[in-house]
Amino acid sequence: MASHSSVLLLVLLLLSAVVDMAAASASEGWTNAHATFYGGSDASGTMGLAVYEDDLDLGGACGYGNLYSTGYGTATAALSTALFDDGASCGQCFKIICDVHADSRWCRTGKSVTVTATNFCPPNFALPNDNGGWCNPPLQHFDMAQPAWEEIGVYQGGIVPVLFKRVPCVKEGGVRFTINGRSYFELVLITNVGGAGSISAVSIKGSKGNWQAMTRNWGANWQSNLYLNGQSLSFRVTTTDGTTLVFPDIAPSNWQFGQTFTSTAQF
């Protein structure tokens, strides 16, 4: 008959194998990165400054404007060059956990946070990648709004190793279209996008014309060089997962530059 110690050892080995398998399963789809924070305890500093057509606008590199009023709140992050993809990643959502196995001192165990990409963390080539140049290529790095970062890390740590993965964005209400620019230059900011969160293609149609492809100007801003004054406007939007929605006559014929129109549809 096996001794009690032998049986106990066998049980421990089996439990260890189960834990290892569970850990491997949990790690599927997760990618290693690091995360820092910025913007202050109220995240007011995450709004950033952006300039287009000689107009100053609060909005960071994605152009989302006041993140409080546009619904993004404090669960946001600036992405390093490797993740930002010249603005194509604007609006994507990421679930982030602190890698407690790599840093048990500054990680909050069992905590996670989901953030939306709203800004760009520029590289600092004057500093080494492992000492201040956190957002230098090819590093995958999140510079998170401080309240979001503190969900997973201890403030004094400053920087923590993390695991992240893309997740669907869950937004309240419909997709929003803000029409900026001037005649013959419609600069349309598209916000509050659910599902994939990020946009790969946009077309615009005035009530007197046909569908015309728009081009990404910067961040989440898409431009058209048509004269559409006095026409109701429709949009056709494709997100990066291939889903396409049509938003017919979102803006009435008496729309004005600077106005925002909210749809009833969502990805």
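What is the pairing of the bonded cysteines, numbered in sequence order? I looked this up before anything else. The pairing is 1-2, 3-8, 4-5, 6-7. The model is predicted.

**Entry: disulfides**

I found 4 disulfides in the structure.

Cys-62 and Cys-90 are bonded, with their sulfur atoms 2.0 Å apart. I read -85° about this S-S bond, a left-handed link. Cys-62 sits in the loop between β3 and β4, and Cys-90 in the loop between α2 and β5, so the bond ties together parts 28 residues apart in sequence. Cys-62 is buried at 0% relative accessibility. Cys-90 is buried too, at 4%.

Cys-93 is joined to Cys-169, S to S 2.1 Å. The torsion here is about 120°, so this disulfide is right-handed. It links distant parts of the chain: Cys-93 is in strand β5, Cys-169 is in the loop between β8 and β9, and they are 76 residues apart. Cys-93 has a relative accessible area of 3% and is buried. Cys-169 counts as buried at 5%.

Cys-98 and Cys-107 form another disulfide, at 2.0 Å between sulfur atoms. Its S-S torsion is -65°, and the link is left-handed. I get 7% relative accessible area for Cys-98, which is buried. Cys-107 is buried, also with 7%.

**Entry: overall make-up**

I noted 3 helices and 17 strands. Of the 267 residues, 44% are buried. Among contacts between residues at least 6 apart in sequence, 67% join residues at least 24 apart. The accessible surface comes to about 13,300 Å², and carbon and sulfur atoms hold 54% of it.

**Entry: cores**

Which residues have the most contacts inside the largest nonpolar core? I list Tyr-64, Phe-94, Ile-96, Val-115, Phe-142 and Met-144, in a core of 29 residues. The elements giving two or more residues to this core include β1, β5, β6, β7 and β8 among the strands, and also α2 and α3. A second, separate core has 20 residues, including Val-175, Ile-179, Ile-204 and Ala-251.

**Entry: a sheet and a hairpin**

I traced an open sheet of 4 strands in the order β12-β11-β15-β16, with antiparallel pairing. Val-202 stands opposite Val-237 in β15.

β13 (215-218) and β14 (221-224) run antiparallel, joined by 3 bridges. They make a hairpin with 2 residues between the strands. Gly-219, in the turn, has a positive phi of about 55°. Trp-218 faces Asn-221 in β14.

Asn-217 lies in strand β13. Is Asn-217 buried or partly exposed? It is partly exposed, at 31% relative accessible area. The Asn-217 side chain makes a polar contact with the side chain of Gln-223 at 2.5 Å. Beyond its sequence neighbours, Asn-217 also touches Phe-185, Leu-187 and Trp-222. From Asn-217 to Val-188 I read 9.2 Å, C-alpha to C-alpha, across 29 residues of sequence.

Ser-232 is in the loop between β14 and β15. Its relative accessible area is 13%, under the 20% cut-off, so Ser-232 is buried. The Ser-232 side chain makes a polar contact with the side chain of Asp-249 at 3.1 Å. Among the residues Ser-232 touches are Lys-205, Gly-206, Ala-251 and Pro-252.

Terms used
Residues numbered from 1 in each chain as written. Predicted model: local features only at pLDDT ≥ 70, side-chain atom pairs only at ≥ 80, totals over all residues. Heavy atoms only, no water. Buried < 20%, exposed > 50% of the residue type's maximum accessible area, 1.4 Å probe, protein only. Contact = heavy atoms within 4.5 Å. Areas by Shrake-Rupley, 256 points an atom, 1.4 Å probe, with all protein chains shown as cover. Pairing = 2+ DSSP bridges. Core = buried A, V, L, I, M, F, W, Y, C linked by side-chain atoms within 4.5 Å. Polar contact = N/O pair within 3.5 Å; in protein donor to acceptor, adjacent residues only side chain to side chain. Disulfide = S-S within 2.5 Å. Lists of a residue's contacts leave out its neighbours within four places in sequence.
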